[in-house]
Amino acid sequence: PGFVNAHAHSLDILLRGGVADDRPLYDWLVNVNLPAGARYRISDNDLAARLFGAEALRSGITTVVDQMETPFDAWDDVADTVVATYGATGMRAVVCQMFYDTVPEHLAGLDLGKHTGRLADLLSRIGGMIVRHHGSYDGRISFWPAPGLAVLCTTEAVLGAQQLARS
């Protein structure tokens with residue numbers, strides 16, 4: 001019993017109250033969120049997940065769908081940390097690894113290099129995380145692929161995520 005937060009980004013909790021309050025989405029994403037996340041140490045990710053979990057539980061939320069948006073090279077460490085944090089809290093969580101596989105021409109000036117990659121590599125890494133984490137902590141943790149912003153994902157990415165989720 002408890003409330004469900006069906007759309008969360010726990011790692012963003014450390015960015016509250018900063019320079020992001022009045023920015024348009026893409027400006028905030030590219031100039032605040034993604035650069036900050038790229039600079040997080042694993043201890044920052046751990047702190048963010050712990051703060052988010054404590055705040056959620058204090059608010060009566062016992063289940064969360066948490067979409068992680070981190071640089072490709074940090075995916076495994078961050079996923080392991082966030083899953084372990086939710087496992088320790090006793091919460092139920094659907095932990096989702098966000099990904100992007102394209103940058104359209106009108107956004108070509110944005111620095112998304114650490115957050116995009118070849119689709120096969122992205123889905124393979126997420127598949128490994130699903131194997132490691134899905135059903136862990138007595139079934140309280142699920143792990144899913146999460147195509148990010150539609151403009152940054154091809155149709156093939158969405159279909160690939162769907163196929164991976166079904167397998």
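**Close-up 1. The right-handed crossing of helices α3 and α4 in the predicted model.** In this predicted model, the crossing of α3 and α4 is right-handed. Helix α3 covers residues 75-89 and helix α4 residues 119-133, and the two pack with their axes 11 Å apart and at an angle of about 25°. Because an angle under 35 degrees counts as roughly parallel, α3 is described as roughly parallel to α4. On the α3 side the contact is made by Trp75, Asp76, Ala79, Asp80 and Val83, while α4 contributes Leu122, Arg125, Ile126, Met129, Arg132 and His133. Sorted by class, this contact of α3 with α4 consists of six nonpolar, one polar and four charged residues.

**Close-up 2. The packing of helix α4 with helix α6.** Helices α4 and α6 pack with their axes 11 Å apart, at an angle of about 25°, which makes α4 roughly parallel to α6. The crossing in which α4 passes α6 is right-handed. From α4, the residues that make the contact are Leu119, Leu123, Ile126, Gly127 and Ile130, and from α6 they are Glu156, Ala157, Gly160, Ala161 and Leu164. By class, the contact of α4 with α6 has seven nonpolar residues, together with two polar and one charged. Ile126 of α4 takes part in this contact with α6 and also in the contact with α3.

Close-up 3. Strand β2 (residues 61-68) and β1 pair in the parallel sense over four bridges, and Asn5 has Val64 in β2 as its bridge partner.

**Close-up 4. Confidence along the protein chain.** The pLDDT of the protein chain averages 91, and 98% of the residues score at least 70. Among the elements of the chain, the lowest mean pLDDT, 83, belongs to helix α1 (residues 25-39), whereas the highest, 98, belongs to helix α5 (residues 136-139).

Key: Residues numbered from 1 in each chain as written. Predicted model: local features only at pLDDT ≥ 70, side-chain atom pairs only at ≥ 80, totals over all residues. Heavy atoms only, no water. Axes fitted to C-alpha atoms, helices over the stretch in contact; angles between N-to-C directions. Parallel < 35°, antiparallel > 145°, perpendicular 65-115°, else oblique. Left-handed = near helix turned anticlockwise from the far one by under 90°. Contact = heavy atoms within 4.5 Å. Nonpolar A, V, L, I, M, F, W, Y, C, P; charged D, E, K, R; others polar. Pairing = 2+ DSSP bridges. pLDDT = per-residue confidence, 0-100.
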